[in-house]
Amino acid sequence: MTISERIFMLIERKQITQSEFCRRVGLRPSTVSEWKTKKHTPTADKIMDICAALNVSPEQLLTGKGIDSVEDSVDYQLDYLGKQLILEYEGLNDDAQKRLLAYAKKLSELVKMEEINK
């Protein structure tokens, strides 16, 4: 998968419109359209802005590691509930995903504290 293909996959996966993506990154829609028709690829000076807009690391964007498929991002088998959680997470907007992650971290800390106090 090319960088451009990966960007459009992430835009779709995160349910961001192309115009919203352009606004976040500071690009003209025609520039992004050229990526789609494979006439051009993003310039190096925009990679960090693209990563910030899509909430991925430069390594993930450039190599696809951990984002090209769910299997790449998980080193173990998920049960039914784990898969359901991932599907719910992917359906959320960026802000809600960040909130859910913060909730999960706090819940994990709480469970650890409860185990210590037993």
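Me: Buried means under 20% relative accessible area, exposed means over 50%, and partly exposed lies in between. The model shown above is a predicted one. Why does Asn55 count as partly exposed?

Reply: Asn55 has a relative accessibility of 38%. That value falls between the cut-offs of 20% and 50%, so Asn55 is placed in the class in between. Asn55 is in the loop between α4 (47–54) and α5 (58–63). Its phi is positive, at about 60 degrees, although Asn55 is not a glycine.

Me: What makes Gln15 exposed?

Reply: The relative accessible area of Gln15 is 59%. Exposed means over 50%, and therefore Gln15 belongs to that class. Gln15 sits in the loop between α1 (3–13) and α2 (18–25). Here too the residue is not a glycine, and its phi is positive, at about 55 degrees.

Me: How many disulfides are there, and how is that known?

Reply: The count is 0 disulfides. Cys22 is in none, as the nearest cysteine sulfur, that of Cys51, is 16 Å away. Cys51 is likewise in no disulfide, with the sulfur of Cys22 as its nearest at 16 Å.

Me: Why are Cys22 and Cys51 called buried?

Reply: Cys22 has a relative accessibility of 3%, and Cys51 has one of 4%. The cut-off is under 20%, so Cys22 and Cys51 both count as buried.

Me: How are α1 and α3 packed, and which residues make the contact?

Reply: Two packed helices are described by the angle between their axes and the distance between the axes. For α1 and α3 (residues 29–36), the angle is about 115 degrees and the axes are 9 Å apart. Ser4, Ile7 and Phe8 of α1 meet Val32, Trp35 and Lys36 of α3. By class, this contact has 4 nonpolar, 1 polar and 1 charged residues.

Conventions:
Residues numbered from 1 in each chain as written. Predicted model: local features only at pLDDT ≥ 70, side-chain atom pairs only at ≥ 80, totals over all residues. Heavy atoms only, no water. Helix = DSSP H or I, 4+ residues; strand = E, 2+ residues; numbered from the N terminus. Buried < 20%, exposed > 50% of the residue type's maximum accessible area, 1.4 Å probe, protein only. Disulfide = S-S within 2.5 Å. Axes fitted to C-alpha atoms, helices over the stretch in contact; angles between N-to-C directions. Contact = heavy atoms within 4.5 Å. Nonpolar A, V, L, I, M, F, W, Y, C, P; charged D, E, K, R; others polar.
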